[in-house]
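Thank you all for making the time this morning.

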Amino acid sequence: MQYINNSSTLGRYLRRACQALLLCAVAHSAHAAGDALAGDIGASLQEEGLAGAVWSEVRDDGAISTGAAGLKNAASKAAMQADSKVQVGSVAKVGVALGVLRLVTENRLALDTPLAQVLPELKLKNPWQGSDPVRIRHLLDHTSGLDNVRFWQAFSSNAAADTPLAQAFQGSGNLLRVRDRPGSRYAYSNMGYGILGMVIEKITGQPYERYLDAQVLAPLGMQDSTFAFVTQSGAKPGADDRLAMGHFEHGVTHAATPMYLRPAGQLTTTAHDMGKLAQFLLGDGGAQGAPFIAPALMQMLSRPNGTEASQAGLDTGHGLVLAVRDRHNVVGECHPGTTAGFRAMLCIYPEQKSAFFIGFNTDAESADYERFNRLLMRDLELPLRPPAAHGTPAPTVENWQGVYVPAPSPMASMAWLDAVFGFVRVKWDGDSLFLIPFQGEPKELEPVGGFLFRASDRSAPSHVLLQADGRHVLSDGLHSYERASMLRMLVLWGSLALGVIGLLYVLLVGLWRAAGRKLGRRDHLFAPLLSLLALLLPLPFFWWQSFMRLGDVTVASVLAAIATGALPLAIAFGLARCWRTRGTGTVEKLDWIPLLAALQLLLVLAWWGLLPLRMWQL
């Protein structure tokens with residue numbers, strides 16, 4: 001008996017020793033894997049010209065791991081730490097949406113509550129108000145039909161940390177124009193989330209930042225995060241030396257500044273706290289052992305509902321909080337973010353109970369941020385999905401061929417630019433559908449049945465063809481394009497071509513005459529040339545001022561407005577002089593042709609609201 005007991009004791013010791021060795025091996029392996037990931041991210045940061053990054057991963061056992069690489073501040077060469085704070089831009093919308101869903105769970109609000117019932121003072125121009133008012137759910141899933149953002153709302157030094165949210169909507173009469181029937185079509189709207197901040201304040205009677213910090217971040221255990229304004233260390237209120245410095249290309253630093261639409265993009269956090277947020281999003285809606293958000297609402301986090309694309313059979317799109325993201329044969333639910341000097345990405349994978357977050361303290365247009373997502377997806381060992389099977393296309397697919405323009409445009413003030421330069425040509429060759437953009441690489445779509453198609457870099461159907469109110473539409477769930485008449489497009493392209501030729505004539509021939517001392521004050525091109533050259537005056541002032549003042553009334557923006565407003569008047573004056581004098585030389589007699597060509601383009605730009613160029617109203 002004693003022998004048996006001793007043997008059992010010895011066996012237990014041996015088992016414990018083996019377990020300890022195994023745990024050490026696993027820990028060493030995980031540490032090695034973490035070192036490998038950190039090395040890959042660090043090398044990628046250098047190759048892409050980015051300052052630094054922090055990240056977190058959530059695995060199927062619920063554990064959170066964090067990491068950091070690169071620089072916290074390129075000027076001081078301080079290294080980024082795993083607990084450094086970053087700003088996440090539009091990922092803040094996830095927290096705002098959860099705050100609204102918490103109010104819905106508490107029956108203080110409903111998804112289908114019309115916005116006008118909560119904020120009657122906010123006057124929307126909604127042609128569908130009688131049948132389809134803008135509702136809370138439409139603001140959450142970006143189907144309200146509202147514009148995205150205006151320059152002055154995003155780039156202004158006039159906003160303060162406590163500027164009333166309503167000031168973001170004190171603009172022109174068309175600022176709150178609803179461009180599509182609410183609920184029908186996805187169109188990303190920062191304005192919509194600015195309004196949701198106002199909704200939270202109206203329901204709770206307190207600043208939305210205070211409510212979200214106490215009622216969302218605290219229950220989720222995100223103690224190192226806040227929706228309040230935070231800037232880098234210094235004398236400013238809200239300074240925090242743990243916050244990494246923001247950067248642009250070439251290591252140019254940029255300290256955080258307040259914004260008008262802060263509910264749409266103001267959240268300071270850490271990688272570990274974002275891991276906690278991801279844990280909650282992967283769960284059933286409980287927090288700290290108690291119900292927090294109704295399970296029915298959790299099922300709607302990323303599921304598009306009621307849009308034209310979803311009704312046509314496309315599963316990808318945006319839900320109440322996240323968007324379905326199909327990349328590299330892995331389908332997840334994600335939300336990206338960008339703000340001055342920072343970028344971020346949060347993705348969850350419910351089937352694998354895994355997630356990742358990565359935040360960069362550099363906002364660089366030329367960098368390939370997608371490579372970092374690939375590294376994290378690979379490190380999480382997410383299983384690849386087989387591509388959707390080829391299917392028989394609808395026999396009428398060829399009827400969708402033509403030229404398509406964004407509908408609606410991402411920014412209403414830029415609609416002319418989107419129509420002229422952002423169009424896509426759709427071509428059907430009998431086997432595949434081809435999307436041929438004016439800018440960018442052509443994309444081949446494989447039919448997967450009916451009007452659904454799959455891009456070669458996607459595993460699930462990615463595009464759908466549909467008809468809406470008799471119009472032919474192409475949609476990927478997050479972007480919609482409507483077919484435009486070829487006559488309309490030819491008129492737009494022809495107007496642009498003729499106008500550019502006319503302006504080049506004024507510039508080149510005018511300078512040639514000036515060089516030959518033939519350009520007198522009575523010359524047809526004298527006033528047009530001076531006005532054209534005056535467009536150069538604002539450039540040095542724009543160069544000297546911060547880009548964060550692009551939407552402010554400054555010397556640069558006022559000069560730009562004056563110069564662009566004077567140009568069509570000067571061109572018209574030159575035309576009038578042509579009519580009166582008829583010209584003396586052969587060339588001079590023809591000056592009216594390029595002047596008229598230039599004037600028609602300028603009038604078109606004025607019709608579309610681009611002239612005079614008033615940056616503070618765009």
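Which element gives the most to the lining of the second largest pocket? Please keep in mind, as we look for it, that this is a predicted model. The answer is helix H12, residues 415-421, which gives 4 residues to that lining.

Let me stay with this pocket for a moment. The second largest pocket has a volume of about 810 Å³, and of the 30 residues that line it, Arg177, Ala412, Ser413, Ala415 and Trp608 are the closest to its centre. Besides H12, the elements that give two or more residues to the lining are strand S15, residues 402-406, and strand S22, residues 480-484. If we sort the lining of this pocket by class, we find 14 nonpolar, 6 polar and 10 charged residues.

The model has 4 cavities of 30 Å³ or more, and the largest cavity holds about 120 Å³ of space. Its lining is made up of 17 residues, and Arg185, Tyr186, Thr307, Ala309 and Gly477 are the ones that lie nearest the centre of the cavity. By class, that lining divides into 4 nonpolar, 10 polar and 3 charged residues.

From there I would like to turn to the packing. The largest nonpolar core has 114 residues, and the members that touch the most other members are Leu98, Leu140, Phe169, Ile195 and Leu281. Helix H2, residues 92-105, gives the most to this core, with 9 residues. To take one member as an example, Ile195 is in contact with Leu115, Leu119, Leu122, Leu139, Leu146, Phe169 and Leu176, if we leave aside its neighbours within four places in sequence. Another core, of 24 residues, lies apart from the largest one, and Leu37, Ala53, Val330 and Phe360 are among its members.

Finally, a word about helix H7, residues 208-217, where Tyr208, Glu209, Tyr211, Leu212, Val216 and Leu217 are buried. Seen down the axis of H7, these buried residues fall within an arc of 155 degrees, so they line one face of the helix.

Notes: Residues numbered from 1 in each chain as written. Predicted model: local features only at pLDDT ≥ 70, side-chain atom pairs only at ≥ 80, totals over all residues. Heavy atoms only, no water. 1 Å grid on protein atoms, 1.4 Å probe; cavity = no way out; pocket = protein on both sides within 12 Å on 5 of 7 lines; lining within 4 Å. Points joined across faces, edges and corners; volume = space filled by probe spheres on them. Nonpolar A, V, L, I, M, F, W, Y, C, P; charged D, E, K, R; others polar. Core = buried A, V, L, I, M, F, W, Y, C linked by side-chain atoms within 4.5 Å. Buried < 20%, exposed > 50% of the residue type's maximum accessible area, 1.4 Å probe, protein only. Contact = heavy atoms within 4.5 Å. Arc of directions from axis to C-beta.
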